[in-house]
Structures are given as C-alpha cells and as structure tokens.
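Subject: Structure handover

Hello,

Here is the structure I promised to pass on. My notes follow it.

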Amino acid sequence: MRDPLASLRLMKTVERPAQLFVRGQGSWLWDSESRAYLDFTQGWAVNSLGHSPSVVVDALKRQAESLINPGPAYYNRGMLELASRLCQASGSDQVYFLNSGAEANEGAIKLARKWGQLHRGGAHRIVTACNSFHGRTLAAMSASGKPAFEALFEPKVPGFTKVPYNDLEALAAAVDEQTVAVMLEPVQGEAGVVPATLDYLQGAERLCRERGVLLILDEVQTGIGRCGTLLAEELYGIRADIITLGKGLGGGVPLAALLARGNACCFEPGEQGGTYHGNALMTAAGLAVLDTVLEPGFMEQVRDVAQHLREGLARVARRHGHGPLRGHGLMVGLPLIHQSAPLVARHALDEGLLINAPQADCLRFTPALTVSRANVDEMLKRLNRAFALAKSKPLEIA
Ligand SMILES: *Cc1c(COP(=O)(O)O)cnc(C)c1O
C-alpha cells in the first residue's frame, strides 16, 4: 500500500500526473497498474538508447561489481576511456566530467572567465540568447534567457548580456571589450524547439573569431546523436571552443561533460572539482552509450527514423491544422494553432503516450534514438486521438 501522504513529502517543484512508473523497456514504460505508455519524452531526451538498454544495464552491472567510485582525485578506467573516445569522436582536446547539464554550463562559464583572465585582459561578460535555457543552478539560471526565471532568486549572478536569438546584428552589437564568450544552444529546446538558422550560427562563429572571444555551444540537449549527428555543430559546419554535453550522454544516468579545444583548455589544479565528477559507474554508462552511437550505421538509422517521424507528424499536424514542424533529427517541435499544448499532452497521457509541452503552444518529441518505425506509427495513432479528444473536451482539465 502506498502512503497517501508520500507525494506531499516531496517539495512541490513540478506538477506530476498520478501515474507511478515502475518499469521501462526501449520506447515503452509501464505504470504500477501495468498500463503501457509509449515514451516520446525519454526523460526529457536523456534516455538516448531508450529505457534500460542492455548495453547500459550490463555496463552498470559490471562496473558496480568491480568499482563504483574511487573518488575524483584518482584515475578510473571509465573516466580515461570515455575522455579519450569523446575527445577523438568530437575533435576536442580535453574534457571534464560532471553530473548535470547545468553543472557543465557552470563549468563552461568558469572556464571562459579563466580564459578571459589569461587572454583577454580580465574580460568576463558572456553574451547569451533570449529564451535560452542553460539549467537551474544560480549561474546557469542567470545565463538563461527564460522569461519565467527573470524574477526568481534575485540577485542573479552578474555578467550576462541577453540578445534576441537568430539575430546576428544584435549579437555583433552586444560583443564588446568586456565580452569573453558567446554562449548559444544550436536548437533552443525549452523555447519550443527553435533551431538556429545556418547563417546565424556560422555568423556567430565568424564573429567570435573576428572579435577574439570564445564560442560556447550548449549541446546538452542537441548532442550525442539527438540531431542525427554526434554534435549539432556538425550540422552547421562550425566548431565551438567549448561544448557542454549532458542528457543523452549518460543514457539515463547523471553524467555531463565539458569539452574544450585549443587554448580554451586552461583549467589548472584546484580550479574545478566535484565529489562525483568522473566517477567510474557513470562514466562506464557513458562509454556504453558513446560506443553504441558511434557504431557504423547508427546515425544513418537515427536520420532514417527521424525522417519517418517528421513525415508522419507533418501529416497528423496538417489534419488538425497545426505546424509547421521545427527541429533537427529526433528533436522535433510541433507548434499548435489555437490549441493548448499542455492540454494535448495531458490527453496523450490518457491515451498512453508521453510527450511534453515546453511552451503553451508547442509539443516536443524526443524519442529514444533507437525508436522504431512501428513505435512512430503507434505514436501517431495515439497523438491523433489526443488531438481529437483535446478538441472535443477542451474544458475538462484546461
Ligand atoms: C536540460 C538542459 C540543461 C540542463 O541540464 P540538467 O542536467 O537538467 O542540469 C542545460 N541546457 C540545455 C540546452 C538543456 O536542454
């Protein structure tokens, strides 16, 4: 029997539906009543290989049996192997492992400020984008351009300048002598899956080179195959100085990474740390994920199923008067016209489909990179019913 008060013991930081999830496999989740749900959120894009993939489960089991955590000040095998593979695969020089995307972005901010002390006369300001999301530590919230964060937890960490996204002129005007870096998401996920235009990101890279400031890409959501390439920067044909990874890297467990190139590799002993950073258990999971997504043919498969998803979603969207779709690969946003996205997501849950609504007028689809065409087809049926229900019963939970 469940303690009816148990849920009240949790600080209410989010409204959760009543379901209690007890099991997951691939693209499916089951609740405590044995009801099955097709999962197109995958823990907000973290379960890159779906629920409990055997490669991750086996890696965790093996590692847990031999060594969980010797401590961050000692080497462990997973830390070294993942560092080496991740740097090779991404063309980076150094990496630092952390537990979450927000922490990786904090690390990026610190690394850029350190670089500014060494190479830019102490410049420390970082230009970020309106509606951006970089996480929920105080500095990551301060860097974020999410309007709902503005009034929270004042005073914020100073040193951030916000400019409209996809506006190169505004970016150019904001970079000055005090600027040390520009920090952008290749696709703004929380803002409603809004991709950077090609001109914008390429222009941002050029601008950073010309003005002698660093380019930081927050690839916490877009990285590790989510957009159909290992990193989204590849899609845009650019190279950042610093890249942050999280979410998909651990395949569901807390693991994030801060990648740096060239003279952005400037941390020295004592400047960055964390008790769990680079622990053997999480890096073993990360290695299993990375090895899997780097297998020949994996990324082609992602792009192929992504194409199938986009075609199907576009069809359903047209039928209900929504769209056009946004995003890259398996990070897809569907803007809704005159319909509430949270309401549709709620009806979808009733239909056994997990999707989320990053904005009131936008649904987001971030399935496992291993999602099948059959999963996609089943999802479309359930989504279609959710749209119809949201239209016929708009007031029930609105
Ligand atoms: C999710 C996310 C973060 C924060 O990651 P956490 O692991 O939740 O701290 C940062 N940036 C982007 C782009 C994200 O999508």
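Keep in mind that this is a predicted model.

Surface first. Phe153 sits in the loop between α5 (138-143) and β6 (160-163). Its relative accessible area is 54%, so Phe153 is exposed.

Next, helix α4. It covers residues 101-119, 19 residues in total. From first C-alpha to last it reaches 26 Å, close to the expected 27 Å. Lys114 is linked with Glu268 and Glu271 in a network of salt bridges. Gly121 follows α4 and has a positive phi, near 55 degrees.

Now the open and closed spaces. The second largest pocket has a volume of about 730 Å³. It is lined by 28 residues, and Met79, Gln94, Val95, Tyr96 and Phe97 are the closest to its centre. α3 (77-90), β4 (94-98) and β12 (256-260) each supply at least two lining residues. α3 gives the most, with five. There is one cavity of 30 Å³ or more. The largest cavity holds about 40 Å³ of space. Its lining consists of Ala45, Ser48, Gln221, Gly223, Ile224, Arg226, Gly248 and Leu369.

Last, the charged pairs. The count is 15 salt bridges.

- Arg209 and Asp241 meet at 3.1 Å, N to O. The pair links distant parts of the chain, 32 residues apart: Arg209 is in helix α7 (198-211), and Asp241 is in the loop between α8 (232-236) and β11 (242-245). Arg209 is partly exposed at 41% relative accessibility, while Asp241 is buried at 15%.
- Arg385 pairs with Glu351, with the closest N and O atoms 2.6 Å apart. Arg385 lies in helix α12 (373-392) and Glu351 in the loop between α11 (341-350) and β15 (353-354), so this bridge ties together parts 34 residues apart in sequence. Arg385 is partly exposed at 40%, whereas Glu351 is buried at 19%.
- Arg303 pairs with Glu300, the closest N and O atoms being 3.7 Å apart. Both are in helix α10 (298-319), three residues apart, so about one helical turn separates them. Arg303 is partly exposed at 40%, and Glu300 is partly exposed at 47%.

Best wishes

Technical notes
Residues are numbered from 1 along each chain as its sequence is written. This is a predicted model: local features need pLDDT of at least 70, side-chain atom pairs count only at pLDDT 80 or more; totals for chains, interfaces and linings use all residues. Side-chain values use heavy atoms; hydrogens and water are left out. Helices (H or I, at least four residues) and strands (E, at least two) are DSSP runs, numbered from the N terminus. Buried means under 20% relative accessible area, exposed over 50%, partly exposed in between (1.4 Å probe, protein chains only). The expected span of a helix is 1.5 Å times one less than its number of residues. On a 1 Å grid over the protein atoms alone, a cavity is a set of points where a 1.4 Å probe fits but cannot get out, and a pocket is an open set with protein on both sides within 12 Å along at least five of seven lines; lining residues have an atom within 4 Å of a point. Grid points are joined across faces, edges and corners, and a volume is the space filled by probe spheres set on the points. A salt bridge is a side-chain nitrogen of Lys or Arg within 4 Å of a carboxyl oxygen of Asp or Glu.
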